Amino acid sequence: MCGRYVSTRSPEDLSGLFQAAPPDPGEALEPSWNVAPTDTVWAVLERADRGSGLLERRLRPLRWGLVPSWSKSPSGGAKMINARVETVHEKPAYRRAFAKRRCLLPADGFYEWESVPASGTAKAYKQPYFIRPEGGEVMAMAGLYEFWRDPAVPDDDPTAWWATCTVITTEATDSAGRVHPRMPLALAPADYEAWLDPSHQDADELRALLAAPAGGRLDVRAVSTAVNNVRNNGPELLDLPDGTPGPGR
């Protein structure tokens with residue numbers, strides 16, 4: 001699964017990397033070394049412009065934890081942060097979004113945990129690992145997004161609509177599989193256009209894009225257990241357990 005990840009690139013960098021229009025003025029997100037469920041995250045998606053009707057690729061913020069349009073309340077969103085690639089095209093909660101509301105969720109890397117049993121005087125604990133592409137390039141995690149209308153909020157209230165998302169996961173590959181059997185499914189740049197195009201609705205062709213994670217090996221290393229607390233955030237979370245500074249520190 002993917003329950004936490006790192007996203008520190010600026011919107012200017014992400015717009016350039018994904019050839020996307022920048023977010024609207026006033027939409028700003030701080031860099032995060034501990035992105036958690038229900039946080040607002042950057043997403044790359046394609047939608048028709050309201051004025052011209054032309055398809056436009058944009059960078060915009062979404063809430064992590066998908067709320068289907070037919071939900072009676074948004075309470076289940078926190079549990080829908082991941083969608084399994086094996087069933088995402090057929091599950092009621094995801095199949096409409098899979099057909100025409102697909103996105104990319106940029107990340108520097110993601111975290112997984114390994115249980116360490118108690119030994120001697122040491123208590124059992126969970127050791128976090130940071131997993132990222134070996135070359136340090138951006139991970140374009142395959143995702144879906146949805147819009148949910150809050151019936152309790154007036155039409156003219158900007159909070160009436162929730163824009164939410166989920167990360168598609170697959171079987172872990174390379175060294176990531178030593179830590180956890182599942183991982184986010186990252187797309188290669190050559191597949192961005194086909195994945196993001198809402199007019200592309202052939203389920204078999206879309207599933208073929210998700211056959212395997214994007215090429216490239218993964219770097220996996222233990223990091224500070226401070227990651228375990230969602231309230232902690234900062235580059236020091238990527239330090240090694242002994243305090244040795246992580247990349248870029």
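Colleague: Which residues does methionine 80 touch, leaving aside residues up to four places away in sequence?

Modeller: In this predicted model, methionine 80 touches Gly65, Leu66, Pro68, Ala93, Tyr94, Cys165 and Thr166, with residues up to four places away in sequence not counted. Methionine 80 itself is placed in the loop between β4 and β5.

Colleague: How far apart are methionine 80 and cysteine 165 in sequence and in space?

Modeller: The two are 85 residues apart in sequence, and their C-alpha atoms are 8.5 Å apart in space.

Colleague: Why does methionine 80 count as buried?

Modeller: Buried means under 20% relative accessible area. Methionine 80 counts as buried because its relative accessibility is 17%.

Colleague: Where is proline 61 found, and what does it touch?

Modeller: Proline 61 is found in strand β4. Setting aside residues up to four places away in sequence, proline 61 touches Glu27, Leu29, Thr40, Val41 and Trp42. Proline 61 is also buried, at 17% relative accessibility. Between proline 61 and proline 198 there are 18 Å from C-alpha to C-alpha, and the pair is 137 residues apart in sequence.

Colleague: Where is valine 138, and is it buried or exposed?

Modeller: Valine 138 is found in the loop between β8 (125-133) and β9. Its relative accessible area is 16%, so valine 138 is buried. Apart from residues up to four places away in sequence, valine 138 touches Arg9, Leu17, Phe18, Pro106 and Ala107. From valine 138 to leucine 54 the C-alpha distance is 28 Å, with 84 residues of separation in sequence.

Colleague: Let us turn to the nonpolar cores. How many residues has the largest nonpolar core, and which have the most contacts inside it?

Modeller: The largest nonpolar core has 29 residues. Phe18, Leu104, Leu144, Trp195 and Leu210 are those with the most contacts inside this core. Two or more residues of the core come from each of β3 (40-48), α2 (95-100), β9 (139-149), α3 (192-196) and α4 (203-209). Apart from this core lies another, of 28 residues, among them Leu62, Met141, Ala186 and Leu218.

Colleague: What is tryptophan 195 in contact with, leaving aside its neighbours within four places in sequence?

Modeller: With those neighbours left aside, tryptophan 195 is in contact with Phe98, Arg102, Cys103, Leu104, Ala142, Gly143, Leu144, Ile168, Leu187, Leu206, Leu209 and Leu210.

Colleague: How should I read a pocket, and what is the volume of the largest pocket?

Modeller: Rolling a probe the size of a water molecule over the atoms shows where empty space is left. Here the largest pocket has a volume of about 720 Å³. Its lining consists of 18 residues, and Asp24, Arg47, Arg50, Arg60 and Phe147 lie nearest its centre. The elements β3, β4 (55-64) and β10 (161-171) give two or more residues to the lining. Of the elements, β4 gives the most, with four residues.

Colleague: How many residues of that lining are nonpolar, polar and charged?

Modeller: The lining divides into nine nonpolar residues, one polar residue and eight charged residues.

Colleague: Next, polar contacts. Which side chain does the side chain of serine 32 make a polar contact with?

Modeller: The side chain of serine 32 makes a polar contact with that of asparagine 233, at 3.1 Å. Serine 32 has its place in strand β2 and is buried, with a relative accessible area of 12%. Not counting residues up to four places away in sequence, serine 32 touches Tyr5, Val6, Ser7, Thr8 and Asn233.

Colleague: What does the side chain of asparagine 82 reach?

Modeller: The side chain of asparagine 82 reaches the backbone nitrogen of cysteine 2 at 2.8 Å. Asparagine 82 is found in strand β5 (residues 82-84) and counts as buried, at 17% relative accessibility.

Methods. Residues are numbered from 1 along each chain as its sequence is written. This is a predicted model: local features need pLDDT of at least 70, side-chain atom pairs count only at pLDDT 80 or more; totals for chains, interfaces and linings use all residues. Side-chain values use heavy atoms; hydrogens and water are left out. A nonpolar core is a set of buried Ala, Val, Leu, Ile, Met, Phe, Trp, Tyr and Cys residues joined through side-chain atoms within 4.5 Å. Buried means under 20% relative accessible area, exposed over 50%, partly exposed in between (1.4 Å probe, protein chains only). Contact means heavy atoms within 4.5 Å. A polar contact is a pair of N or O atoms within 3.5 Å; within protein, one must be able to donate a hydrogen and the other to accept it, and residues adjacent in sequence count only if both atoms are side-chain atoms. On a 1 Å grid over the protein atoms alone, a cavity is a set of points where a 1.4 Å probe fits but cannot get out, and a pocket is an open set with protein on both sides within 12 Å along at least five of seven lines; lining residues have an atom within 4 Å of a point. Grid points are joined across faces, edges and corners, and a volume is the space filled by probe spheres set on the points. Ala, Val, Leu, Ile, Met, Phe, Trp, Tyr, Cys and Pro count as nonpolar, Asp, Glu, Lys and Arg as charged, and the others, Gly among them, as polar.
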